[in-house]
Amino acid sequence: MLNIKNLHAKIEDGAEILKGINLEIKPGEVHAIMGPNGAGKSTLSSVIAGKEDYEVTDGEILFDGENIIEDAPEERAHKGIFMSFQYPVEIPGVSVTNFIKAAMNENRKANGLEDMPAKEMLAEIREKSELLGIKKDFLSRSLNEGFSGGEKKRNEIFQMMMLNPKLAILDETDSGLDIDALRIVADGVNAFKNEGNAVLLITHYQRLLNYIQPDFVHVLANGKIIKTGDKSLALELEEKGYDWLLQ
Amino acid sequence: MALLNQIINNHSDFLENLQHRFLNEERKTALQKFEAKGFPTKKDEEYKYTNLKEITEKDYNFFPSEEHHISKEQLDELHLGEEHFDWIVFINGKLHKEYSNISIENAEFLTLNEALKDSAKKETFNQYINTIANKDLAFTNLNLAYFNEGFFLKVPKNIVIEKPIHVFYLSQNQEKNTFYNARNLLIVEAGAKVEVIESHHNFDESFVFTNSVTEIFTYQNAKADWHKLQNDNDTSYLVDHTFAKQERDSLTTVNTFSFGGKLVRNNLDFIHNGENINSFMNGITIIAKDQLVDHHTAVHHNTPNCESYQNYKGIFKDKSHGVFNGKVFVNKIAQKTNAYQQNNNILLDEGATIDTKPQLEIFADDVKCSHGCTVGQLNEDALFYLRARGISKKEAQALLLYAFANDAMQNIDIEPLKAKIEKLLAEKLEVEMEF
């Protein structure tokens, strides 16, 4: 599904951050990328999602066999890439419901589908929000405005479930969450997960991986994946830190 | 100065045409006062950023032809929903009752043309007209000399007018450029309540220049809301002066939503004459091409324990130009004043400009006055967030601009008006979406 080959990227007019990333994600897989601060984890997710602040200087990102490096962020979303943000943006005056409607219908339009009938949309919203324990009044509040850290993350997962992407990249979704919120978010991701889609988790800590079982764990340091293992690698990192790998 | 000469030469014909019973002497004096100084120029501090030359260099017809071809459908398009509003329709300077729907009960409603022909109305009229308008301004004097139509509405004590009143000034079927002077008087007596929406529309390709003056009197514990929906076409100029005088415990709002018009100058004066007064001024300006919208506000805090809130948002595309000048005067007896002023702007293109200037003159020592102005561009991270959800760049921009403008809409309690503003916003940003 996602095949990243020798990816080099830098900040526009700045230093190189990704220095030759290779990563393959197949349908049905859950991958976790861990690494110390400043390793390039968030840059990698931003580059996959198409943030224009970064310039890809070498390599390619293939999604379903197609190089997406020239695609705008919205085109990547239309192809089925979703990224949950570490810091979701507050949009006063636009309700959660209206926003998700706009996003859903834009994606449908791009894929040659009609707008989803209002009734169907509401049923969908109700189902997904109940699953995440989202209260009704939450849906009529302005998007992310005055939301707690936990509410913002839950809202990100809600959007992911509504948009139902092929590949979900969760960037530090666990940061700032208490244990109950973490469990709800993880339940959401597990409910979303199926044989046809894939999840890429970007995280500092091992604890999220107690709730979402990864098939692969990669260590990203200094712009490169320096080690790949299974779930046990995460536990090892938890115990020993990153230093032993960096030497 | 083409218009200046016409103004001087046309006045006696104009007065003769009117056949009014009173006010003629005051009109002549006002004309003399106007003539003494003429139109303000860029040398005038108040018009430093707004050049009126393109208005004053043109020739205008002072006597618009009455005939018009505005269809019911065209009118319906301007309405915000028939059942929830009263509406007053002036076309080519004349009230058209057949297009209006005036169901106001228990209130005194007159058109100025009617009122001025009736000597019995002289006393009521003189009690209010030109009593709070600044008598030293070119445009207020010009308006007094030449106003012809407009309305007088007096809401008596404790009467609540349920339906908002939408007033339309329409111009159509004029081959030449046309000059209108509109005048409105709103008197809201103690404990009474009313809401007015004002819009001007020119349907022609010839230019319309409207010089409008409104005086609002809000008495004790009364509430007056006035919304200016400025959505005229590219061949219209508007210079507006609105004066609101408030007595104790009253609440007055003037909202100005500016989307259209080639050049619009809004002047807003709030005069406090009692304690515990609340004044609200909100503005949303979204303009493009070579449009200019200029907001000049002034709040005169003359009395203690009063509050004023100004919140103006501007979005400027292409080569458009915005001006904001907000004055707050706090008299030395006006202790415990709370005056808030905010002007935020987003420039979307390199050619767009904004001149913004807060001006506070505070002579009391126990007050809370805050002001702030910002000029910026859209937040790139926010844009990326929306685009990463599959929303196109243009629509993502529109959503963010809507969010930016949104808090200046907070105190609109007329839902169809809010919906209309949202629709105009989408149109102006060239997107098809509901917010």
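**Labels and their grounds**

Author: The buried residues of helix 3 of chain A are Val96(A), Phe99(A), Ile100(A), Lys101(A), Ala102(A), Ala103(A), Met104(A), Glu106(A) and Asn107(A), where a residue is buried if 20 or more other C-beta atoms, placed from the backbone, lie within 10 Å of its own, exposed if 12 or fewer, and partly exposed in between. This is a predicted model, in which local features need pLDDT of at least 70 and side-chain atom pairs count only at pLDDT 80 or more, while totals for chains, interfaces and linings use all residues. Residues are numbered from 1 along each chain as its sequence is written, and chains are lettered from A and ligands numbered from 1 in the order in which they are written.

Reader: What makes helix 3 of chain A a helix, and why does its span agree with its 15 residues?

Author: Helices are DSSP runs of H or I with at least four residues, strands are runs of E with at least two, and both are numbered from the N terminus. The expected span is 1.5 Å times one less than the number of residues, and because the end C-alpha atoms of helix 3 of chain A are 21 Å apart where 21 Å should be spanned, the two agree. Just after helix 3 of chain A, Gly112(A) takes a positive phi of about 75 degrees.

Reader: How many residues of chain A are in contact with chain B, and how many of chain B with chain A?

Author: The contact joins 22 residues of chain A to 19 residues of chain B, two residues being in contact if their C-beta atoms lie within 7 Å. On the side of chain A, helix 2 (73-79), strand 7 (91-95) and helix 3 (96-110) are the elements that give two or more residues, and the largest share, six residues, comes from helix 3 of chain A. That side divides into 14 nonpolar, five polar and three charged residues, with Ala, Val, Leu, Ile, Met, Phe, Trp, Tyr, Cys and Pro counted as nonpolar, Asp, Glu, Lys and Arg as charged, and the others, Gly among them, as polar.

Reader: What confidence does the predictor give the complex, and what does chain B average?

Author: The complex receives an ipTM of 0.94 and a pTM of 0.89. Chain B averages a pLDDT of 94, and 100% of its residues score at least 70, pLDDT being the predictor's confidence in each residue, from 0 to 100.

Reader: Why is helix 7 of chain B called largely enclosed?

Author: Nine of the nine residues of helix 7 of chain B are buried, so the rest of the structure largely encloses it. These buried residues pack against helix 1 (2-18), helix 2, strand 6 (178-188), strand 8 (208-218) and strand 10 (236-246) of chain B.

Reader: Which residues bring helix 2 and helix 7 of chain B together, and at what angle do the axes cross?

Author: From helix 2 of chain B, Glu26(B), Arg27(B), Ala30(B), Leu31(B), Lys33(B), Phe34(B) and Lys37(B) meet Ala138(B), Asn141(B), Leu142(B), Leu144(B) and Ala145(B) of helix 7 of chain B. Seven of the residues in this contact are nonpolar, one is polar and four are charged. The axes of helix 2 (residues 24-37) and helix 7 (residues 138-146) of chain B come within 8 Å and cross at roughly 145 degrees, where axes are lines fitted to C-alpha atoms, for helices over the stretch in contact, and angles run from 0 to 180 degrees between N-to-C directions.

Reader: Why does Asn17(B) count as exposed, and why is Ile287(B) called buried?

Author: Asn17(B), in helix 1 of chain B, has 12 C-beta neighbours inside 10 Å and therefore counts as exposed. Ile287(B), in strand 13 (residues 278-287) of chain B, has 25 other C-beta atoms within 10 Å and is therefore buried. Leaving aside neighbours within four places in sequence, Ile287(B) is in contact with Ser258(B), Val293(B), Phe316(B) and Ser320(B).
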